[in-house]
Amino acid sequence: MERIENAQQALQHKEYKEALVELLYQLADDDFIISFRGSEWLGLAPHIEEDVAFSSISQNTMGHAFIYYQLLHDLGEGNVDDLAHGRPPQVRKNAILLEEENGTGTYLSEPRFDWAFTVVRHYFYEIFKKMKLESLKNSSYVPLQHAARNILKEQHYHLMHWNTWFHQLIKAGGEAKTRMMKAVEQVWDDFLGVLTLGPMGEKMARFGLIDKEETLRERFLITMREIFEALELNPLDEPKMKKGNGRAGEHTQALINAISTFAEVYSLNPSAEW
Amino acid sequence: MKEEKNEMLLGAIWDALKMVTDPEIPVLSVVDLGMIHRIHEQDGEVLIEALPTFMGCPALDIIQRKIEEAVTGIPGVNTLTVRFIYDPPWTSNRVTEEGREKLKKFGIAPAPKFIEEDGTWTVDCPYCGSPFTTIENIFGPTACRSLLYCKSCRNPFEAMKPVSDIGYGNDFSNRKG
(Lines give C-alpha, C1' and ligand atoms only; values in the text may rest on other atoms or scores of the structure.)
Protein backbone atom coordinates (compact mmCIF):
# COMPACT_ATOMS: atom_id res chain seq x y z
CA MET A 1 0.00 0.00 0.00
CA GLU A 2 1.28 3.44 -0.89
CA ARG A 3 1.92 6.04 1.78
CA ILE A 4 -0.84 8.50 2.44
CA GLU A 5 0.82 11.70 3.57
CA ASN A 6 -2.05 13.73 4.96
CA ALA A 7 -5.79 14.11 5.49
CA GLN A 8 -6.40 15.63 2.06
CA GLN A 9 -4.91 12.60 0.34
CA ALA A 10 -6.86 10.22 2.57
CA LEU A 11 -10.10 11.97 1.73
CA GLN A 12 -9.64 11.14 -1.94
CA HIS A 13 -9.93 7.39 -1.28
CA LYS A 14 -13.38 6.73 0.10
CA GLU A 15 -12.77 3.17 1.29
CA TYR A 16 -9.35 3.98 2.73
CA LYS A 17 -10.74 6.91 4.64
CA GLU A 18 -13.59 4.78 6.04
CA ALA A 19 -11.21 2.16 7.41
CA LEU A 20 -8.85 4.82 8.77
CA VAL A 21 -11.63 6.69 10.55
CA GLU A 22 -12.88 3.45 12.07
CA LEU A 23 -9.41 2.59 13.39
CA LEU A 24 -8.91 6.07 14.80
CA TYR A 25 -12.21 5.90 16.66
CA GLN A 26 -11.17 2.61 18.25
CA LEU A 27 -7.80 3.99 19.30
CA ALA A 28 -9.24 7.27 20.57
CA ASP A 29 -12.23 5.80 22.40
CA ASP A 30 -10.13 3.06 24.05
CA ASP A 31 -7.60 5.53 25.46
CA PHE A 32 -10.28 8.02 26.37
CA ILE A 33 -12.50 5.71 28.41
CA ILE A 34 -9.69 3.88 30.18
CA SER A 35 -8.12 7.19 31.17
CA PHE A 36 -11.51 8.32 32.49
CA ARG A 37 -11.72 5.16 34.62
CA GLY A 38 -8.17 5.79 35.75
CA SER A 39 -8.94 9.39 36.70
CA GLU A 40 -11.75 8.17 38.98
CA TRP A 41 -9.08 6.71 41.24
CA LEU A 42 -7.70 10.15 42.07
CA GLY A 43 -7.57 10.41 45.85
CA LEU A 44 -8.47 6.75 46.26
CA ALA A 45 -5.31 4.96 45.12
CA PRO A 46 -3.56 2.65 47.63
CA HIS A 47 -0.95 5.25 48.64
CA ILE A 48 -0.02 8.83 47.88
CA GLU A 49 2.79 8.12 45.42
CA GLU A 50 0.43 5.88 43.50
CA ASP A 51 -2.09 8.70 43.43
CA VAL A 52 0.51 10.92 41.76
CA ALA A 53 1.65 8.23 39.35
CA PHE A 54 -1.79 6.99 38.32
CA SER A 55 -3.18 10.47 37.73
CA SER A 56 -0.12 11.31 35.65
CA ILE A 57 -0.63 8.17 33.59
CA SER A 58 -4.32 8.99 33.13
CA GLN A 59 -3.49 12.52 32.05
CA ASN A 60 -0.96 11.26 29.50
CA THR A 61 -3.43 8.69 28.21
CA MET A 62 -6.11 11.36 27.85
CA GLY A 63 -3.48 13.22 25.79
CA HIS A 64 -3.11 10.16 23.56
CA ALA A 65 -6.87 10.10 22.97
CA PHE A 66 -6.65 13.80 22.16
CA ILE A 67 -4.12 13.18 19.35
CA TYR A 68 -6.35 10.56 17.76
CA TYR A 69 -9.42 12.80 18.04
CA GLN A 70 -7.38 15.54 16.43
CA LEU A 71 -6.54 13.25 13.52
CA LEU A 72 -10.29 12.57 13.23
CA HIS A 73 -10.94 16.28 13.25
CA ASP A 74 -8.47 16.68 10.39
CA LEU A 75 -10.52 14.13 8.45
CA GLY A 76 -13.68 16.16 8.90
CA GLU A 77 -15.22 14.24 11.81
CA GLY A 78 -15.88 17.31 13.98
CA ASN A 79 -14.11 19.12 16.78
CA VAL A 80 -12.13 17.34 19.45
CA ASP A 81 -14.33 18.24 22.45
CA ASP A 82 -17.48 17.09 20.67
CA LEU A 83 -15.84 13.84 19.61
CA ALA A 84 -14.77 13.10 23.18
CA HIS A 85 -17.85 14.30 25.06
CA GLY A 86 -20.71 14.65 22.63
CA ARG A 87 -21.07 11.20 21.06
CA PRO A 88 -23.77 8.77 22.21
CA PRO A 89 -22.78 5.24 23.35
CA GLN A 90 -23.92 3.44 20.20
CA VAL A 91 -21.35 5.18 18.00
CA ARG A 92 -18.44 4.69 20.40
CA LYS A 93 -15.90 2.05 19.44
CA ASN A 94 -14.07 1.29 22.69
CA ALA A 95 -13.83 -2.27 23.97
CA ILE A 96 -16.46 -3.05 26.62
CA LEU A 97 -13.83 -4.17 29.14
CA LEU A 98 -12.44 -0.64 29.25
CA GLU A 99 -15.78 0.99 30.09
CA GLU A 100 -16.48 -1.27 33.08
CA GLU A 101 -16.63 0.40 36.48
CA ASN A 102 -13.63 0.19 38.79
CA GLY A 103 -15.79 -1.54 41.36
CA THR A 104 -18.98 -0.86 43.27
CA GLY A 105 -20.08 2.55 44.46
CA THR A 106 -19.20 5.80 42.76
CA TYR A 107 -16.42 8.29 43.07
CA LEU A 108 -18.49 10.42 45.42
CA SER A 109 -20.28 7.78 47.45
CA GLU A 110 -18.95 4.54 48.91
CA PRO A 111 -16.27 3.87 46.30
CA ARG A 112 -15.33 0.24 46.85
CA PHE A 113 -13.01 0.09 43.87
CA ASP A 114 -11.13 -3.07 42.99
CA TRP A 115 -7.37 -2.48 42.80
CA ALA A 116 -6.61 -5.98 41.53
CA PHE A 117 -9.04 -5.55 38.63
CA THR A 118 -7.53 -2.16 37.87
CA VAL A 119 -3.94 -3.44 37.85
CA VAL A 120 -4.78 -6.41 35.62
CA ARG A 121 -6.96 -4.42 33.22
CA HIS A 122 -4.37 -1.67 32.81
CA TYR A 123 -1.39 -4.02 32.58
CA PHE A 124 -2.91 -6.21 29.88
CA TYR A 125 -4.21 -3.16 28.06
CA GLU A 126 -0.79 -1.46 28.04
CA ILE A 127 0.98 -4.61 26.82
CA PHE A 128 -1.33 -4.77 23.83
CA LYS A 129 -1.32 -1.02 23.32
CA LYS A 130 2.45 -1.12 22.90
CA MET A 131 2.14 -3.84 20.26
CA LYS A 132 -0.44 -1.85 18.36
CA LEU A 133 1.70 1.30 18.54
CA GLU A 134 4.73 -0.60 17.24
CA SER A 135 2.58 -1.70 14.33
CA LEU A 136 1.24 1.83 13.76
CA LYS A 137 4.79 3.13 13.44
CA ASN A 138 4.66 1.52 10.00
CA SER A 139 1.13 2.59 9.16
CA SER A 140 0.41 3.68 5.60
CA TYR A 141 -1.14 6.83 7.08
CA VAL A 142 1.86 9.03 7.87
CA PRO A 143 0.20 11.26 10.51
CA LEU A 144 -0.67 8.08 12.40
CA GLN A 145 2.99 6.97 12.29
CA HIS A 146 3.98 10.25 13.88
CA ALA A 147 1.28 9.98 16.54
CA ALA A 148 2.42 6.45 17.41
CA ARG A 149 6.06 7.48 17.75
CA ASN A 150 5.15 10.29 20.11
CA ILE A 151 2.77 8.20 22.20
CA LEU A 152 5.31 5.38 22.59
CA LYS A 153 7.75 7.77 24.29
CA GLU A 154 5.34 8.10 27.20
CA GLN A 155 3.61 4.76 27.08
CA HIS A 156 6.86 3.00 27.93
CA TYR A 157 6.60 4.34 31.50
CA HIS A 158 2.95 3.32 31.81
CA LEU A 159 3.69 -0.25 30.87
CA MET A 160 6.65 -0.34 33.26
CA HIS A 161 4.41 0.93 36.06
CA TRP A 162 1.71 -1.72 35.69
CA ASN A 163 4.32 -4.39 35.09
CA THR A 164 5.75 -3.65 38.55
CA TRP A 165 2.35 -3.77 40.27
CA PHE A 166 1.31 -6.97 38.51
CA HIS A 167 4.47 -8.86 39.34
CA GLN A 168 4.65 -7.65 42.93
CA LEU A 169 1.05 -8.50 43.77
CA ILE A 170 1.21 -11.94 42.16
CA LYS A 171 4.50 -12.73 43.89
CA ALA A 172 3.17 -11.52 47.23
CA GLY A 173 1.01 -14.64 47.36
CA GLY A 174 -1.82 -14.96 49.90
CA GLU A 175 -4.87 -12.77 49.54
CA ALA A 176 -3.14 -10.50 47.01
CA LYS A 177 -2.53 -13.37 44.64
CA THR A 178 -6.04 -14.79 45.13
CA ARG A 179 -7.59 -11.43 44.27
CA MET A 180 -5.28 -10.96 41.30
CA MET A 181 -6.16 -14.35 39.85
CA LYS A 182 -9.84 -13.58 40.20
CA ALA A 183 -9.22 -10.31 38.37
CA VAL A 184 -7.28 -12.09 35.63
CA GLU A 185 -10.30 -14.32 35.02
CA GLN A 186 -12.63 -11.32 34.90
CA VAL A 187 -10.42 -9.38 32.51
CA TRP A 188 -9.76 -12.39 30.30
CA ASP A 189 -13.52 -12.99 29.88
CA ASP A 190 -13.70 -9.80 27.82
CA PHE A 191 -10.19 -9.21 26.62
CA LEU A 192 -10.98 -10.47 23.13
CA GLY A 193 -13.01 -7.26 22.80
CA VAL A 194 -9.76 -5.31 23.22
CA LEU A 195 -7.85 -7.52 20.79
CA THR A 196 -10.34 -7.28 17.94
CA LEU A 197 -10.21 -4.64 15.24
CA GLY A 198 -13.92 -5.07 14.61
CA PRO A 199 -15.92 -5.50 11.42
CA MET A 200 -13.50 -3.43 9.34
CA GLY A 201 -10.32 -5.07 10.63
CA GLU A 202 -9.56 -6.85 7.39
CA LYS A 203 -9.78 -3.64 5.39
CA MET A 204 -7.51 -1.84 7.85
CA ALA A 205 -4.83 -4.49 7.29
CA ARG A 206 -5.35 -4.53 3.51
CA PHE A 207 -4.78 -0.76 3.38
CA GLY A 208 -1.63 -1.13 5.47
CA LEU A 209 -3.05 0.96 8.32
CA ILE A 210 -2.15 -1.64 10.95
CA ASP A 211 -1.11 -5.31 11.08
CA LYS A 212 -3.70 -8.03 10.71
CA GLU A 213 -5.86 -8.71 13.75
CA GLU A 214 -4.67 -12.35 13.89
CA THR A 215 -1.00 -11.31 13.77
CA LEU A 216 -1.42 -8.85 16.61
CA ARG A 217 -3.45 -11.30 18.68
CA GLU A 218 -0.90 -14.08 18.19
CA ARG A 219 1.94 -11.74 19.20
CA PHE A 220 0.02 -10.77 22.32
CA LEU A 221 -0.83 -14.33 23.33
CA ILE A 222 2.80 -15.41 23.01
CA THR A 223 3.91 -12.59 25.32
CA MET A 224 1.17 -13.46 27.82
CA ARG A 225 2.24 -17.09 27.78
CA GLU A 226 5.82 -16.05 28.58
CA ILE A 227 4.76 -13.78 31.42
CA PHE A 228 2.55 -16.47 32.97
CA GLU A 229 5.25 -19.12 32.62
CA ALA A 230 7.85 -16.91 34.26
CA LEU A 231 5.48 -16.37 37.20
CA GLU A 232 4.69 -20.09 37.32
CA LEU A 233 0.99 -19.48 36.79
CA ASN A 234 -1.39 -21.82 35.01
CA PRO A 235 -1.59 -21.01 31.31
CA LEU A 236 -4.50 -18.87 30.16
CA ASP A 237 -7.16 -20.32 27.90
CA GLU A 238 -8.55 -18.41 24.91
CA PRO A 239 -9.62 -14.84 25.70
CA LYS A 240 -13.36 -14.23 25.32
CA MET A 241 -15.80 -11.47 24.56
CA LYS A 242 -18.68 -12.26 26.92
CA LYS A 243 -20.28 -8.86 27.28
CA GLY A 244 -20.30 -7.99 23.57
CA ASN A 245 -18.28 -6.26 20.88
CA GLY A 246 -17.65 -2.59 21.55
CA ARG A 247 -16.08 -2.23 18.09
CA ALA A 248 -19.54 -2.91 16.65
CA GLY A 249 -21.11 -0.26 18.86
CA GLU A 250 -22.35 -2.68 21.54
CA HIS A 251 -22.05 -1.20 25.02
CA THR A 252 -23.27 -1.54 28.59
CA GLN A 253 -24.98 0.64 31.16
CA ALA A 254 -21.49 1.39 32.52
CA LEU A 255 -20.67 3.49 29.45
CA ILE A 256 -24.02 5.30 29.52
CA ASN A 257 -23.36 6.25 33.15
CA ALA A 258 -19.77 7.22 32.41
CA ILE A 259 -20.82 9.56 29.59
CA SER A 260 -23.42 11.27 31.75
CA THR A 261 -20.72 11.85 34.38
CA PHE A 262 -17.84 13.07 32.22
CA ALA A 263 -20.05 15.05 29.83
CA GLU A 264 -22.07 16.76 32.55
CA VAL A 265 -20.30 20.11 32.31
CA TYR A 266 -19.86 19.89 28.53
CA SER A 267 -23.61 19.27 28.10
CA LEU A 268 -24.52 22.43 30.00
CA ASN A 269 -23.30 24.40 27.01
CA PRO A 270 -21.71 22.39 24.20
CA SER A 271 -20.75 25.54 22.29
CA ALA A 272 -18.69 26.98 25.17
CA GLU A 273 -15.03 27.68 24.41
CA TRP A 274 -12.57 26.00 26.78
CA MET B 1 18.97 43.33 0.89
CA LYS B 2 15.75 41.41 1.21
CA GLU B 3 17.57 38.45 2.69
CA GLU B 4 19.22 40.66 5.27
CA LYS B 5 15.84 41.97 6.31
CA ASN B 6 14.61 38.43 6.60
CA GLU B 7 17.59 37.46 8.78
CA MET B 8 16.93 40.39 11.05
CA LEU B 9 13.29 39.55 11.42
CA LEU B 10 14.05 35.89 12.17
CA GLY B 11 16.59 37.02 14.76
CA ALA B 12 13.98 39.23 16.41
CA ILE B 13 11.51 36.36 16.50
CA TRP B 14 14.05 33.99 18.07
CA ASP B 15 14.87 36.65 20.66
CA ALA B 16 11.18 37.02 21.48
CA LEU B 17 10.79 33.26 21.81
CA LYS B 18 13.65 33.18 24.32
CA MET B 19 11.37 35.20 26.59
CA VAL B 20 8.46 32.76 26.34
CA THR B 21 8.69 30.48 29.34
CA ASP B 22 7.10 27.18 30.24
CA PRO B 23 4.45 27.90 32.91
CA GLU B 24 5.38 24.67 34.68
CA ILE B 25 9.15 25.23 34.61
CA PRO B 26 9.35 29.03 34.60
CA VAL B 27 13.15 29.19 34.26
CA LEU B 28 13.07 27.55 30.84
CA SER B 29 12.06 29.18 27.60
CA VAL B 30 10.54 27.30 24.70
CA VAL B 31 13.92 27.70 22.99
CA ASP B 32 15.79 26.17 25.98
CA LEU B 33 13.32 23.29 25.88
CA GLY B 34 14.03 22.62 22.23
CA MET B 35 10.36 23.04 21.41
CA ILE B 36 10.86 25.28 18.37
CA HIS B 37 11.38 23.18 15.29
CA ARG B 38 11.33 25.85 12.61
CA ILE B 39 10.43 29.43 11.87
CA HIS B 40 9.37 30.17 8.35
CA GLU B 41 8.93 33.71 7.07
CA GLN B 42 7.95 35.09 3.71
CA ASP B 43 6.78 38.63 3.05
CA GLY B 44 5.77 39.09 6.66
CA GLU B 45 3.83 35.83 6.84
CA VAL B 46 5.32 33.93 9.73
CA LEU B 47 4.85 30.26 10.52
CA ILE B 48 6.28 28.83 13.74
CA GLU B 49 6.37 25.07 14.04
CA ALA B 50 6.62 23.88 17.62
CA LEU B 51 6.99 20.38 19.06
CA PRO B 52 4.72 19.39 21.96
CA THR B 53 6.68 17.91 24.86
CA PHE B 54 4.17 15.59 26.50
CA MET B 55 0.97 14.77 24.64
CA GLY B 56 -1.41 15.56 27.48
CA CYS B 57 0.51 18.54 28.82
CA PRO B 58 -2.07 21.16 29.85
CA ALA B 59 0.53 23.90 29.43
CA LEU B 60 0.58 23.53 25.63
CA ASP B 61 -2.38 25.84 24.99
CA ILE B 62 -0.87 28.45 27.28
CA ILE B 63 2.50 28.16 25.57
CA GLN B 64 0.91 28.59 22.17
CA ARG B 65 -0.90 31.71 23.34
CA LYS B 66 2.27 33.12 24.90
CA ILE B 67 4.20 32.57 21.67
CA GLU B 68 1.48 34.37 19.73
CA GLU B 69 1.52 37.30 22.17
CA ALA B 70 5.31 37.57 22.06
CA VAL B 71 5.68 37.47 18.29
CA THR B 72 2.57 39.32 17.06
CA GLY B 73 3.87 42.80 17.93
CA ILE B 74 7.25 42.46 16.22
CA PRO B 75 7.58 44.99 13.37
CA GLY B 76 7.56 43.13 10.06
CA VAL B 77 5.28 40.34 11.26
CA ASN B 78 2.04 40.73 9.32
CA THR B 79 0.41 37.39 9.95
CA LEU B 80 1.37 34.67 12.40
CA THR B 81 0.54 30.98 12.61
CA VAL B 82 1.79 28.84 15.48
CA ARG B 83 1.41 25.17 14.82
CA PHE B 84 2.24 22.07 16.88
CA ILE B 85 3.69 19.30 14.75
CA TYR B 86 4.55 15.70 15.66
CA ASP B 87 7.48 15.05 13.36
CA PRO B 88 10.22 15.06 14.51
CA PRO B 89 9.13 13.93 17.98
CA TRP B 90 10.32 16.03 20.90
CA THR B 91 12.76 14.20 23.16
CA SER B 92 14.42 15.25 26.40
CA ASN B 93 17.76 15.44 24.59
CA ARG B 94 16.45 18.49 22.72
CA VAL B 95 16.85 20.61 25.88
CA THR B 96 19.82 22.91 25.22
CA GLU B 97 23.02 22.99 27.32
CA GLU B 98 21.98 26.41 28.56
CA GLY B 99 18.59 24.99 29.47
CA ARG B 100 20.20 22.14 31.41
CA GLU B 101 22.24 24.59 33.47
CA LYS B 102 19.18 26.71 34.21
CA LEU B 103 17.27 23.64 35.33
CA LYS B 104 19.97 22.69 37.83
CA LYS B 105 19.91 26.16 39.34
CA PHE B 106 16.16 25.83 39.73
CA GLY B 107 16.66 22.57 41.67
CA ILE B 108 15.58 20.23 38.87
CA ALA B 109 18.09 17.75 37.50
CA PRO B 110 18.19 17.71 33.70
CA ALA B 111 17.12 14.44 32.10
CA PRO B 112 19.90 11.89 31.73
CA LYS B 113 21.15 11.72 28.16
CA PHE B 114 21.51 7.96 28.24
CA ILE B 115 19.20 5.22 29.37
CA GLU B 116 20.51 1.78 30.29
CA GLU B 117 19.75 -1.29 28.22
CA ASP B 118 17.12 -2.39 30.73
CA GLY B 119 15.43 1.02 30.64
CA THR B 120 16.70 2.23 34.01
CA TRP B 121 18.43 5.57 34.48
CA THR B 122 20.06 7.69 37.14
CA VAL B 123 20.82 11.39 37.57
CA ASP B 124 23.13 13.34 39.86
CA CYS B 125 21.73 15.50 42.62
CA PRO B 126 21.26 19.07 41.34
CA TYR B 127 22.22 20.45 44.78
CA CYS B 128 25.39 18.57 45.74
CA GLY B 129 26.23 16.71 42.55
CA SER B 130 26.24 13.32 44.24
CA PRO B 131 25.48 10.29 42.06
CA PHE B 132 23.93 8.49 45.08
CA THR B 133 20.31 9.21 44.31
CA THR B 134 17.17 7.08 44.25
CA ILE B 135 14.02 7.40 42.18
CA GLU B 136 11.04 7.75 44.49
CA ASN B 137 8.46 8.06 41.76
CA ILE B 138 8.92 8.13 37.98
CA PHE B 139 5.74 10.20 37.89
CA GLY B 140 5.96 13.64 39.46
CA PRO B 141 3.83 16.75 39.85
CA THR B 142 3.80 17.35 36.10
CA ALA B 143 4.06 14.98 33.14
CA CYS B 144 7.67 15.96 32.47
CA ARG B 145 9.07 15.55 35.97
CA SER B 146 10.05 12.65 38.26
CA LEU B 147 10.61 12.61 42.04
CA LEU B 148 14.01 11.62 43.44
CA TYR B 149 15.95 11.67 46.69
CA CYS B 150 19.63 12.37 47.30
CA LYS B 151 21.22 9.99 49.79
CA SER B 152 24.25 12.24 50.23
CA CYS B 153 22.75 15.62 51.06
CA ARG B 154 19.35 14.14 51.99
CA ASN B 155 17.35 16.47 49.84
CA PRO B 156 14.34 15.44 47.84
CA PHE B 157 14.53 16.81 44.31
CA GLU B 158 12.95 16.52 40.89
CA ALA B 159 14.42 15.49 37.58
CA MET B 160 13.18 16.00 34.09
CA LYS B 161 11.90 12.65 32.90
CA PRO B 162 13.95 11.24 30.03
CA VAL B 163 11.88 10.50 26.95
CA SER B 164 13.25 9.08 23.77
CA ASP B 165 11.75 7.85 20.54
CA ILE B 166 14.48 5.35 19.74
CA GLY B 167 13.28 2.77 22.26
CA TYR B 168 14.28 2.07 25.82
CA GLY B 169 16.17 -1.16 25.66
CA ASN B 170 14.37 -4.30 26.71
CA ASP B 171 10.67 -4.74 26.42
CA PHE B 172 9.33 -4.53 29.96
CA SER B 173 6.39 -6.74 29.23
CA ASN B 174 8.83 -9.60 28.87
CA ARG B 175 10.85 -8.89 31.94
CA LYS B 176 11.44 -12.03 33.91
CA GLY B 177 12.07 -11.76 37.56
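I take two strands as paired if DSSP finds at least two bridges between them. Helices (H or I, at least four residues) and strands (E, at least two) are DSSP runs, which I number from the N terminus.

**Entry 1. Conventions.** I am working on a predicted model, in which local features need pLDDT of at least 70 and side-chain atom pairs count only at pLDDT 80 or more, while totals for chains, interfaces and linings use all residues. I number residues from 1 along each chain as its sequence is written, with chains lettered from A and ligands numbered from 1 in the order in which they are written.

**Entry 2. The sheet of chain B.** I began with strand 3 and strand 4 (residues 45-50) of chain B, which pair in the antiparallel sense over six bridges. In this pairing I found E41(B) opposite V46(B) of strand 4. The sheet is open, has three strands in the order 3-4-5, and shows mixed pairing. Strand 3 (36-42) and strand 5 (79-84) of chain B stand at its edges with a single partner strand each, so one side of each lacks a neighbour in the sheet. I noted an average twist of 15° from one strand to the next; for such angles, axes are lines fitted to C-alpha atoms (for helices over the stretch in contact), and angles run from 0 to 180 degrees between N-to-C directions. Helix 2 (residues 59-72) of chain B lies across strand 4 and strand 5 of chain B, at about 155° to strand 5.

**Entry 3. The hairpin of chain B.** I then looked up strand 1 (residues 21-22) and strand 2 (residues 25-29) of chain B, which pair in the antiparallel sense over two bridges. A hairpin of two residues joins strand 1 to strand 2 in chain B. The bridge partner of D22(B) in strand 2 is I25(B).

**Entry 4. Domains of chain B.** I recorded domain 1 (2-84) and domain 2 (106-160) in chain B; these bounds come from an automatic or database domain assignment. The centres of the two domains, taken over C-alpha atoms, are separated by 30 Å. Seven residues of domain 1 are in contact with five residues of domain 2 in chain B, contact meaning that the C-beta atoms, placed from the backbone, lie within 7 Å. On the domain 1 side, I listed four nonpolar residues, two polar and one charged. Here Ala, Val, Leu, Ile, Met, Phe, Trp, Tyr, Cys and Pro count as nonpolar, Asp, Glu, Lys and Arg as charged, and the others, Gly among them, as polar.

**Entry 5. Between the chains.** I found 22 residues of chain B in contact with 31 residues of chain A. The chain B side comprises 10 nonpolar, seven polar and five charged residues.

**Entry 6. Chain A.** I noted 13 helices and two strands in chain A. The C-alpha trace of chain A spans about 60 × 45 × 30 Å along its principal axes.

**Entry 7. L209(A).** I located L209(A) in the loop between helix 10 (201-206) and helix 11 (213-230) of chain A. L209(A) counts as buried because it has 26 C-beta neighbours inside 10 Å. Leaving aside neighbours within four places in sequence, its contacts include A19(A), L20(A), L23(A) and Y141(A). The C-alpha atoms of L209(A) and M224(A), 15 residues apart along the chain, are separated by 25 Å.

Terms used: Contact = placed C-beta atoms within 7 Å. Buried ≥ 20, exposed ≤ 12 C-beta atoms within 10 Å, placed from the backbone.
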